[in-house]
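Me: I would like to learn how to read side-chain contacts. Please take me through them one feature at a time.

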Amino acid sequence: MGDRPYVLLSCAMSIDGYLDDATPDRLLLSDGTDFDRVDALRAECDAILVGANTVRKDDPGLLVRSPVRRDTRIARGRPASPVKVTLTGRGDLEATARFFLAGDTEKIVYCATPVAGRVRERLGGAATVVDAGQPVDLRRVLVDLARRGVGRLLVEGGGTIHTQFLTAGLADELHLVVAPLFVGDSRAPRFVGDGVFPWSTGNRATLAEVRRTGDVVLLRYALSERFGAA
C-alpha cells in the first residue's frame, strides 16, 4: 500500500475559480450527471476527506448515493460508504452534523494537539479523534490513514484543504470541474488560496483527460508518478 494513500482531489468551480458564492445558500455548480460521476468516485475510494469548515457550512453526509454501488461495496466486504475524515485546527465541530450522524461508516477527526481533549469530550463516541500535531500535519494524517487500511483517499475540499494538499505535494490526481457561470465576488471562497505550488511555469501539470459532462467540463490532471495507481 505504501506509506500513504493514493490522494485524489475533486473540485467543482465557476469559470472565475470560485467554489461557492457569498450567500448563505450553497451554490450548485455541477449537474446531475456530474454528481453521479462523483458518486462513482466515492464508491471506488476507501475514505473521503473534507475540512471542518465544509462540515460546518455545507453539512454534507458524504455517503455513496447509488444503491447498486453500495451493494457492490458490501458484496466485496467493504462498508456501504467510505470512511469519513475531517481535519480541524480549532475543534469547533458539533456531533449533530450529518458528517457524524449519516451512515454507519467510521468517522475520524484529525485535530490540532491543543484541542484534542476538548474535541473528544464534545464528540463523545460520534467519531475517532486523533491528535495530528500542531498545526495539523497532513503527512502524519496520511500515514495514519494508511495504517488504518486506507489505500485510496478522495479529498472533496474546501479551498483551504485543497491548497494544503497541493502546496505540500501530497496530491496524486486532480479532478477539476468547471461550470459555465461566473461568481464575480471576491468575498466568495476560491478553489485555492495563496501558496507555493509544485506546478508552475517551469513544471506544468499533466492534463490527462478532458471530458464534457452535461454542461460542465471535467479536467483530469496527473500530479505525481503515482497517477492511476491504487
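Me: Which residue forms a salt bridge with Arg69?

Reply: First the idea. A salt bridge is a side-chain nitrogen of Lys or Arg within 4 Å of a carboxyl oxygen of Asp or Glu. Here the partner of Arg69 is Asp36, and their closest N and O atoms are 3.0 Å apart. Arg69 lies in helix α3 (residues 67-75) and Asp36 in helix α1, so this pair ties together parts 33 residues apart in sequence. Helices (H or I, at least four residues) and strands (E, at least two) are DSSP runs, numbered from the N terminus.

Me: What should I know about the model before going on?

Reply: This is a predicted model: local features need pLDDT of at least 70, side-chain atom pairs count only at pLDDT 80 or more, and totals for chains, interfaces and linings use all residues. Residues are numbered from 1 along each chain as its sequence is written, and side-chain values use heavy atoms, with hydrogens and water left out.

Me: Are Arg69 and Asp36 buried, exposed or partly exposed?

Reply: Start with the cut-offs. Buried means under 20% relative accessible area, exposed over 50%, and partly exposed in between (1.4 Å probe, protein chains only). Arg69 has 21% relative accessibility and counts as partly exposed. Asp36, at 41%, counts as partly exposed too.

Me: How many salt bridges does the structure hold?

Reply: The count is 17. One of them joins Asp20 to Lys57, with the closest N and O atoms 2.8 Å apart. This pair links distant parts of the chain. Asp20 sits in the loop between β1 (6-13) and α1 (32-44), Lys57 in helix α2 (residues 52-58), and 37 residues separate them. Asp20 is buried at 6% relative accessibility, whereas Lys57 is partly exposed at 42%.

Me: Which residue does Asp92 bridge to, and where does each partner lie?

Reply: Asp92 bridges to Arg56, the closest N and O atoms being 2.8 Å apart. Asp92 is in the loop between β3 (83-88) and α4 (98-101), and Arg56 is in helix α2, 36 residues apart. Asp92 is partly exposed at 25% relative accessibility. So is Arg56, at 32%.

Me: Now the cysteines. How many disulfides does a search of the whole structure find?

Reply: A disulfide is a covalent bond between the sulfur atoms of two cysteines. The test used is a pair of cysteine sulfur atoms within 2.5 Å. The search finds zero. Cys11 is in no disulfide; its nearest cysteine sulfur, that of Cys45, is 16 Å away. Cys45 is likewise in no disulfide. Cys11 is buried, with a relative accessible area of 7%. Cys45 is buried at 0%.

Me: What about aromatic rings: which residues form a pair?

Reply: A pair of aromatic rings is described by the distance of the centres and the angle of the planes. Rings of Phe, Tyr and Trp (its six-membered ring) pair if their centres lie within 6.5 Å; planes under 30 degrees apart count as stacked, over 60 as edge-to-face and the rest as tilted. The count comes to one pair. Phe99 and Phe100 form it, edge-to-face, at 4.9 Å centre to centre with 80° between the planes. Both residues are buried.

Me: Which residues lie over the faces of Phe99 and Tyr18?

Reply: A charge sits over a ring if NZ of Lys or CZ of Arg is within 6 Å of the ring centre and within 35 degrees of the ring normal. Lys84 lies over the face of Phe99, 5.6 Å from the ring centre. Arg190 lies over the face of Tyr18, at 4.4 Å.
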